[in-house]
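The report below describes a structure shown with its sequence, taking the contact between chains before the features within each chain.

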Amino acid sequence: MRPVLLAGHERALTQIRYNLDGDLIFSTAKDQHICAWYAHNGERLGTYHGHVGAIWTVDVDPTSTMIASGSADNTMRLWDVKTGKNLKTWEFPTAVKRVEFNEDGTKLLGVTEKRMGYLSNIVVVDINPDVNAEQSDEKILTIVCDESKATVAGWSYLSKFIIAGHEDGSVSQYDAKNGDLLYNVSVHELNTPVTDLQWSNDRTYFITASKDKTAKLITAKDLEVLKTYVSDTPLNSAAITPKKDFVILGGGQAAMDVTTTSARQGKFEARFYHKIFEDEIGRVRGHFGPLNTVAADPTGKGYASGGEDGYVRVHMFDKGYFDFMYEVERDRQNRL
Amino acid sequence: MAPSFDHLREADLDDDDYDEEEIDISDLREKYEVQLEQGYDAFVVIDGLPEVNEEQKPKLVKFLLKKLNQVGKTREDLIFMPMGEDGKSLRFAFVEYSSPAEAANAVRQLDQVPLDKKHTLRVNKLTDIDRYGREGRVNEEYSPPHIDEFQPNEHLRWWLKDPSGRGRDQFIMYRGDSVGVFWNNEKEQPEIVVDRMHWTESFVQWSPLGTYLTSVHAQGVQLWGGPSWSRQRRFAHPFVNLISFSPNEKYLVTWSARPIAIPEEGHPALTIDDDGKNYVVWDIETSKPLRSFASLDTPGAAGAGAGADATPQKPRKSPWPAFKWSADDKYVARLNQGSSLSIYELPRMNLLDKTSIKIDGVMDFDWAPVTVQRDGVKSYEQLFCFWTPEIGSNPARVGLMTIPSKEVVRTLNLFNVSDVKLHWQSEGAFLCAKVDRHSKSKKSMATTLEIFRVKEKGVPVEVLDTIKDTVINFAWEPKGDRFVIITTTEPVGPTAVAPKTSVAFYCPEKSKGPAPGNWKHLRTLDKRNSNSIYWSPRGRFVVIATVHNQQSSDLDFFDLDFEGEKPESDKDLTANLQLMNTGDHYGVTDVEWDPSGRFVATYSSAWKHAMENGYHIYDFKGEALREEPMEKFKQFLWRPRPPTLLTKEEQKQIRKNLREYSKVFELEDAERGASADREVVEARRRQLDEWCAWRAAIEEELLEERAFLGLPEDPLAVLLATKTPEVPDDAEEQIIEEIVEEVIEESEEIVP
């Protein structure tokens with residue numbers, strides 16, 4: 001499978017998201033514009049202009065109507081996918097590091113950076129699914145993370161909980177209605193930040209990636225660590241593949257150390273692990289900088305990775321990928 | 001010089017009829033009395049003297065004075081020998097030295113020294129007598145010394161009997177801050193024996209027979225062993241840098257770049273004599289120091305051979321080991337480059353025949369690795385070889401000397417020599433001198449290999465054809481008679497890209513007699529990057545590797561007794577070369593064969609570079625068994641084994657029945673493999689079942705919750721349905737094709 005190389009960004013990628021149908025890819029980079037791409041051929045659909053700082057994060061609502069983005073210009077913005085119109089801008093005192101829609105696209109959360117005396121907050125706003133409607137200014141919920149700043153956050157199934165990953169390596173579960181902290185569990189090594197948090201299809205469990213070189217599969221309900229994937233490099237991102245029981249991990253030597261080492265040593269590869277058996281199954285090379293973000297196509301046909309090198313690589317899986325099965329899995333399948 | 005009191009006394013010493021009372025020295029005495037008050041550190045008490053009366057006393061004093069003045073300065077009038085009421089001496093005396101250091105010296109050197117047959121001196125510091133001997137300090141009642149009950153020591157060779165019965169070998173891994181010992185499990189995770197954090201401060205080392213694990217600390221060296229890995233010995237050499245064992249683990253040499261400084265309050269093991277020394281030779285059995293040495297000044301540019309060859313040399317690093325041991329631990333020798341060789345006899349560490357062996361210009365030497373039995377020589381001897389460069393019109397020499405007779409048994413004169421490297425074969429049967437020669441103009445270099453057949457009568461020397469290129473590496477086959485060399489056309493320097501090298505194999509011709517035939521070139525492999533040769537300790541197999549190289553890291557596994565078809569051209573040679581396998585271990589810095597010759601470990605050490613540190617294990621055929629990258633991986637060392645206790649006949653018997661044994665072992669291996677596989681499959685099945693059960697439960701829970709909240713089963717379907725109402729269900733699927741034409745290049749050519 002020859003990957004499609006999306007060379008639309010001029011700086012390091014920060015996040016990639018597929019829409020629910022798997023036909024569009026949204027990507028953000030530090031170069032101040034969001035790109036939308038056709039997943040099947042890599043043609044650029046358009047860009048969204050408005051941010052005046054590095055863009056850290058993007059998310060698309062379930063109906064592919066709107067996207068939200070968060071940027072270092074201290075704003076969180078909502079855009080019309082079709083027209084590229086900036087529908088709404090929320091201002092914050094610090095940068096917005098992560099945005100995510102809940103499962104029915106009626107709520108949006110944003111994680112703000114801890115800086116200049118401001119603590120890191122998780123902010124929730126209501127979203128009106130109608131593109132033409134006026135969006136509200138009101139923050140219906142603000143969760144202050146005073147212990148350790150939140151780096152990533154997301155909505156659980158039924159929008160019941162907000163799960164956040166922190167800089168100290170722990171993961172918290174908040175009540176999504178009132179913002180109470182329910183649990184805080186140290187899952188990663190102390191003081192290794194959680195760099196990514198991505199959900200399974202039904203949002204009942206999620207995967208976290210961390211600089212401690214491991215990724216963990218955790219339940220949303222009680223933050224129980226189900227699986228641990230050990231790699232040999234600091235991880236920036238992790239995704240769960242639908243259809244097949246795999247996870248994709250991306251990382252590599254920290255960007256600042258990269259110039260001192262060879263590409264061979266940088267470990268700039270996407271790694272596939274078996275979700276249940278925790279074994280490494282394969283690697284995909286290509287980037288010549290660390291992988292900042294990986295995303296799996298919700299339809300299970302492919303995945304995309306974005307690197308410090310400024311490229312997005314979109315891969316379609318071959319037949320071999322779908323055929324691959326462990327003996328015990330095949331046994332089970334035959335029995336059913 | 002004006003006559004002084006000191007001179008007077010010494011001059012008068014021999015005068016027998018001298019009476020102390022005649023001279024008025026009260027003024028002087030007064031002066032010294034004052035000193036007395038100041039401190040008693042310069043005083044010693046001498047006990048164990050013979051009983052004398054007033055008449056005999058001066059004689060005894062004079063006699064005593066001779067001894068006392070050997071270690072410091074004292075005078076007759078500073079010896080006070082109290083007399084009893086019966087006119088007889090009380091058999092002890094007080095002596096004042098000119099300084100406390102001398103007094104301390106006297107205590108150290110004169111205590112327990114026999115005065116005559118009946119009397120032995122006991123010397124103590126006066127302050128000590130005061131400290132320990134004062135009333136009340138000594139218990140009046142005798143209590144027998146406490147003798148610890150006999151505690152059997154741990155078995156130090158326990159590891160030879162692998163508890164799993166598979167005869168595995170152990171190895172050390174030093175990574176990060178922890179040192180661990182493991183059983184080699186081939187493909188599987190090594191089985192941990194012991195793992196300790198901060199076990200050593202700089203490096204670890206096995207003793208040559210594998211008995212002890214050596215850890216190195218700022219305070220000294222520690223040896224560990226036995227099944228509990230308890231501390232067996234301690235050698236307190238402060239700031240020790242390097243250590244080397246004698247071949248039979250009887251002695252240990254430690255070296256520190258920093259000279260030993262004995263603190264005021266003394267040192268637990270070393271004495272004031274060791275102050276300022278760099279080397280200490282220890283007896284391992286008693287963990288006592290035998291003797292210490294200072295570092296020799298390395299000869300600089302003014303060295304013996306420097307006048308002749310004007311090539312500027314880099315300052316030589318002090319060679320290690322500086323002390324080389326004979327094969328039986330009986331002698332240890334140190335080279336004083338350019339002039340002599342000092343051989344010390346163990347266990348007393350005295351200089352052999354009390355003098356160093358003068359060898360003009362001697363550059364290097366090496367003991368035979370085993371005690372060689374030469375043809376026609378019955379008496380005990382240890383051999384070593386040495387070489388000297390050309391000095392003036394004298395030729396360069398490679399010599400073979402026998403100890404203890406110090407006889408040179410063979411010399412070889414050579415001309416136009418720029419360097420010689422000496423290589424003993426592991427059994428001491430051959431010695432190869434790799435001689436780098438320059439042409440008259442000194443512009444081109446060539447190498448010859450001069451091979452001494454040490455065990456044959458008269459030690460014949462065979463010269464191999466001149467090799468045009470520079471030989472950068474040479475290695476004998478252990479317990480064999482073949483060797484491998486690596487040559488390069490360009491001189492090895494600090495160039496960015498290492499020059500291409502050639503690997504050449506040599507073996508003897510077939511011969512009828514017991515001695516091997518002439519050495520012949522077997523094969524040369526050109527255009528390689530290889531720079532190191534690692535023979536299996538059992539011979540036959542050899543790994544040719546490229547280490548410390550950024551670009552390549554090849555490992556080539558050769559068999560020299562390949563059992564397949566032999567090329568016609570090699571039919572007279574005693575080897576059949578076959579490349580069995582090649583491997584690649586990026587960034588490899590070290591290669592280590594296990595002592596049984598079954599496995600090869602290659603590792604990349606964080607000491608050399610920080611790239612892809614970790615180790616690989618191959619079997620002797622070059623099949624990769626295991627690789628494990630590990631951060632901050634520093635050392636991988638197989639535990640050596642002592643020589644086998646089986647007799648030659650027993651070994652032969654085993655070899656004969658190898659097939660029987662291997663059947664059993666293969667069966668065991670297969671069973672173990674199968675059970676391991678079964679376990680893995682079982683574990684996976686369990687994991688899969690657990691996962692599916694969990695999924696089923698959570699899905700059901702989710703549905704229930706949705707139903708309870710009155711939400712649709714699939715929220716997304718509903719959302720999408722409301723979003724796309726205008727598409728009727730029966731609408732035909734359309735395929736929209738778009739053809740984009742793109743002009744890549746346009747060019748115009750005018751055809752005339």
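Across the interface of chain B and chain A, eight salt bridges are found by the rule, in what is a predicted model. One of the pairs joins B:E705 to A:K160, with the closest N and O atoms 2.5 Å apart. On the side of chain B that touches chain A, the elements giving two or more residues are helix 7 (658-709) and helix 8 (715-723) of chain B, and helix 7 gives the most, with 17 residues. By class, this side of chain B has 15 nonpolar, one polar and 11 charged residues.

In terms of contacts, 27 residues of chain B meet 33 residues of chain A. The area buried between the two chains is about 2,900 Å², and carbon and sulfur atoms give 61% of that area. B:R684, B:L688 and B:W691 supply 22% of the area that chain B buries against chain A, more than any other three residues.

Helix 7 of chain B can also be considered for its own geometry. At 1.5 Å a residue, its 52 residues should span 76 Å, and the end C-alpha atoms are 75 Å apart, which agrees. Helix 7 is followed by B:G710, which has a positive phi, near 75°.

Chain B as a whole contains eight helices and 41 strands. Of its 752 residues, 42% are buried, and among its contacts with a separation of 6 or more, 50% are between residues 24 or more positions apart. Helix 3 (residues 57-68) of chain B has 12 residues that should span 16 Å at 1.5 Å a residue, and its end C-alpha atoms are 16 Å apart, in agreement. Its buried residues include B:L60, B:V61, B:L64, B:L65 and B:L68, and also the lysines B:K57, B:K62 and B:K67. Among what covers the buried residues of helix 3 are strand 1 (43-47), strand 2 (79-80), strand 3 (92-96) and helix 4 (100-110) of chain B.

Over all chains, the structure holds 51 salt bridges.

| Salt bridge | N to O distance |
|---|---|
| A:K88 and A:D137 | 2.7 Å |
| A:R283 and A:E269 | 3.0 Å |
| A:E269 and A:R285 | 3.1 Å |

In the pair of A:K88 and A:D137, A:K88 lies in strand 9 (residues 86-91) of chain A and A:D137 in the loop between strand 12 (120-126) and strand 13 (139-145), 49 residues apart. A:K88 is buried, with a relative accessible area of 12%, whereas A:D137 counts as exposed at 54%.

A:E269 takes part in a salt bridge with A:R283 and in another with A:R285. A:E269 is buried, at 9% relative accessible area, while A:R283 is partly exposed at 39% and A:R285 is exposed at 65%. Because A:E269 lies in the loop between helix 1 and strand 24 of chain A and A:R285 in the loop between strand 25 and strand 26 (291-296), their pair ties together parts 16 residues apart in sequence. Salt bridges that share partners join A:D232, A:E269, A:R271, A:E280, A:R283 and A:R285 into one network.

Definitions and conventions
Residues are numbered from 1 along each chain as its sequence is written. Chains are lettered from A and ligands numbered from 1 in the order in which they are written. This is a predicted model: local features need pLDDT of at least 70, side-chain atom pairs count only at pLDDT 80 or more; totals for chains, interfaces and linings use all residues. Side-chain values use heavy atoms; hydrogens and water are left out. Helices (H or I, at least four residues) and strands (E, at least two) are DSSP runs, numbered from the N terminus. The expected span of a helix is 1.5 Å times one less than its number of residues. Buried means under 20% relative accessible area, exposed over 50%, partly exposed in between (1.4 Å probe, protein chains only). Contact means heavy atoms within 4.5 Å. Buried area is the accessible area (1.4 Å probe) that two parts lose on being put together, summed over both. A salt bridge is a side-chain nitrogen of Lys or Arg within 4 Å of a carboxyl oxygen of Asp or Glu. Ala, Val, Leu, Ile, Met, Phe, Trp, Tyr, Cys and Pro count as nonpolar, Asp, Glu, Lys and Arg as charged, and the others, Gly among them, as polar.
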